[in-house]
Amino acid sequence: MRLLDLAVKNVRRNRLRTALTVAGVATAILAFVFLRTGITAWTSAADNAAADRLSTSHRVTFIMPLPKRYIEYFDGTRGRFEGVDAAAYAVWFGARHPVQTDQFFANFAVQAETFFDVYPDMIVPPQDLARWKETRRGAVVGQALAQKFGWKIGDIVRLEGTIYPGEWEFEVSAIYETKTRAVDRSQFVFHWDYLNESLPEPQRGQIGWIATRVSDPTRSAAIITAIDAKFEGFDVQTRTVTEKAAQTQFLAGFSALLRALDVVSVVILLIMMLILGNTIAMGVRERTREYGVLMALGFRPHHIAVFVVGEALAVGLLGGVLGLMLAYPIIQYGMGRWLEENMGAFFPYFRIPPHVSLVALGLSALLATIAAVLPALAASRLNATEALRRLG
Amino acid sequence: MTQEQAADETAGKATPAVPPIIECRGISRTFWRGKERLDVLDDLDLEIPTGAFEALMGPSGSGKSTLLNLIAGLDRVTRGTIKVAGHQLERMNDAALAKWRSQTVGFVFQHFNLIPVLTALENVELPLLLTRLGARERKERAAIALRVVGLEDRMHHLPTQLSGGQEQRVGIARSIVHDPKIIVADEPTGELDRQSADDVLNLLQRLNEEFGKTIVMVTHDPAAAERAQVQRKLDKGRLT
């Protein structure tokens with residue numbers, strides 16, 4: 001037996017109380033890991049955004065359209081920007097599933113010829129891509145979206161328009177996979193021409209933005225300046241940003257929410273610390289006479305403090321490990337998968353980052369130690385003769 | 001030896017055959033309860049020879065346990081000097097006193113005070129954790145101590161699996177495992193039935209006679225006190 005063994009054995013003394021405390025710590029760690037994973041997943045689109053992609057939209061707001069003819073200044077028809085390898089226009093379609101109307105997924109009408117040149121991280125088998133380009137009402141859907149709605153290549157699917165009212169019919173021509181975490185696996189893209197020809201004349205010829213892929217990301221600033229300068233004298237001026245900036249700008253709208261989640265994750269751990277501190281304090285109070293005995297036997301105040309802190313550490317780590325063991329099946333393989341499939345636009349990659357697990361485990365140990373400081377001080381300052389007189 | 005003879009010796013009327021292991025000179029112990037002053041021990045002199053087995057008796061509040069705590073180095077005198085096993089306890093700091101206790105004194109408590117999550121063997125091993133002994137030797141010594149008290153077949157039992165008498169014998173094994181010079185016992189039979197009490201007293205007598213341990217025992221029980229070589233009575237903080 002060693003000194004720390006006694007501390008660890010004390011954990012088993014009041015099994016129900018220990019079990020409840022461990023469950024409390026585990027729940028707190030589970031909630032912490034969930035929130036931190038959520039925050040990481042939410043910001044991962046910006047963190048992992050392609051460095052070589054730019055987005056050009058209306059200078060006032062990205063909701064307002066650009067004239068489709070602007071693409072001609074990118075594709076060589078009227079000119080080309082030096083350093084731009086590929087460009088494609090797109091417009092937000094905003095339709096939904098006619099039955100499962102609450103299942104959000106991003107859907108765009110895109111320039112079929114070049115869209116996947118700009119987005120090489122969306123991987124479409126070449127033969128499927130070729131078929132899609134030839135199919136006027138064809139759509140390319142993300143793997144997660146196809147899985148959720150049970151769509152297969154060749155299926156006819158119908159969406160209910162919201163921005164462009166009516167029932168829209170598509171044929172699933174291809175299913176894409178992704179190779180980066182930034183890309184939503186639940187997108188739905190189809191031919192801009194199909195949308196355009198279905199609209200009344202006044203609404204035709206409009207696009208939402210032009211996405212470009214540049215050959216050298218270090219030259220992005222110069223290219224951005226060149227693009228926006230080009231359209232400076234036009235009726236509609238543009239604003240070009242990197243994909244990362246665009247994502248960050250999008251996230252900025254949710255910054256208060258992200259900050260709130262940050263605070264909540266810390267508050268949860270503080271509550272955990274108080275629960276643990278209370279349990280340890282109760283244990284110390286009950287074992288006052290035992291500490292008196294140990295002191296009589298020659299144990300010093302620092303030994304007593306080690307017993308108390310060791311016990312708290314054992315409970316904290318036990319709860320931390322249990323919380324992490326629960327986190328993987330519940331968060332990683334349960335809720336995470338569901339969120340990726342159903343809210344892929346916000347959480348394209350909802351997996352527990354290894355650093356979050358390590359931080360959770362480290363914090364469960366650290367906070368347990370902090371929680372034990374006051375009870376340990378109280379125990380180590382006991383007077384042996386007084387302690388021996390205590391009952392219980 | 002009667003209390004009168006012991007008093008005579010203390011007063012210097014007779015020369016002890018062996019040098020004293022405990023020498024208290026004019027010791028007082030005062031406690032404060034709020035503004036109320038409690039003189040629990042008052043200018044007390046006491047000598048206990050090496051190898052003695054003495055009983056301290058007296059009514060509740062007479063200062064028996066306080067005196068025992070002072071002898072064991074658990075408490076400090078307010079006035080006077082106290083020399084135990086060659087050490088002036090009032091001059092030692094807390095750390096030195098704790099180390100001295102761990103080497104010199106064995107404690108036997110009324111309520112046994114075993115750690116409930118440890119087996120008998122682990123409870124007995126506790127004082128040895130403060131030594132430089134290796135795990136194997138600690139276990140061997142603890143097993144020997146349990147053999148001395150006749151509980152070698154209960155060494156892996158938890159305190160809850162032992163009778164009161166057995167628990168106190170484990171307590172005695174814990175008090176001797178580090179081979180202390182002095183054993184202090186505070187009402188060691190107070191929680192036991194007659195038979196168990198006799199077993200414990202036999203054991204203490206044996207430790208005194210066969211192993212030469214100096215034993216100071218506080219008791220209310222006249223039958224227990226009879227087992228000691230000397231019975232001293234305390235009343236209102238003075239030896240009578």
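Guide: A:Val33 touches A:Gly323, A:Leu324, A:Ala327, A:Ile331, A:Ile352, A:Val356, A:Ser357 and A:Ala360, leaving aside residues up to four places away in sequence. Touching here is contact, that is, C-beta atoms, placed from the backbone, that lie within 7 Å. The model is predicted: local features need pLDDT of at least 70, side-chain atom pairs count only at pLDDT 80 or more, and totals for chains, interfaces and linings use all residues. Residues are numbered from 1 along each chain as its sequence is written, while chains are lettered from A and ligands numbered from 1 in the order in which they are written.

A:Val33 is among the residues with the most contacts inside the largest nonpolar core, which has 124 residues; A:Leu276, A:Val308, A:Ala312, B:Leu146, B:Ala173 and B:Val184 are the others named. Helix 11 of chain A (residues 301-342) gives the largest share of this core, 12 residues. A second, separate core of 52 residues includes A:Val91, A:Phe170, A:Val183 and A:Ile207. A nonpolar core is a set of buried Ala, Val, Leu, Ile, Met, Phe, Trp, Tyr and Cys residues joined through C-beta atoms within 7 Å. Buried means 20 or more other C-beta atoms within 10 Å of the residue's own, exposed means 12 or fewer, and partly exposed lies in between, with C-beta atoms placed from the backbone.

In chain A, buried residues make up 43% of the 392 residues. Of the chain A contacts with a separation of 6 or more, 82% are between residues 24 or more positions apart. Chain A has 13 helices and 12 strands, which are DSSP runs numbered from the N terminus (helices H or I, at least four residues; strands E, at least two). Its radius of gyration is 30 Å, whereas a compact globule of 392 residues would have one near 21 Å; the radius is taken over C-alpha atoms, and the globule rule is 2.2 Å times the number of residues to the power 0.38. The C-alpha atoms of chain A fill a box of roughly 95 × 45 × 30 Å along the principal axes.

B:Asn113 is found between strand 6 (105-108) and helix 4 (120-125), and counts as buried because it has 22 C-beta neighbours inside 10 Å. B:Asp179 lies between helix 6 (164-176) and strand 7 (182-186); with 13 such neighbours inside 10 Å, B:Asp179 counts as partly exposed.

Note on methods
Two residues are in contact if their C-beta atoms, placed from the backbone, lie within 7 Å.
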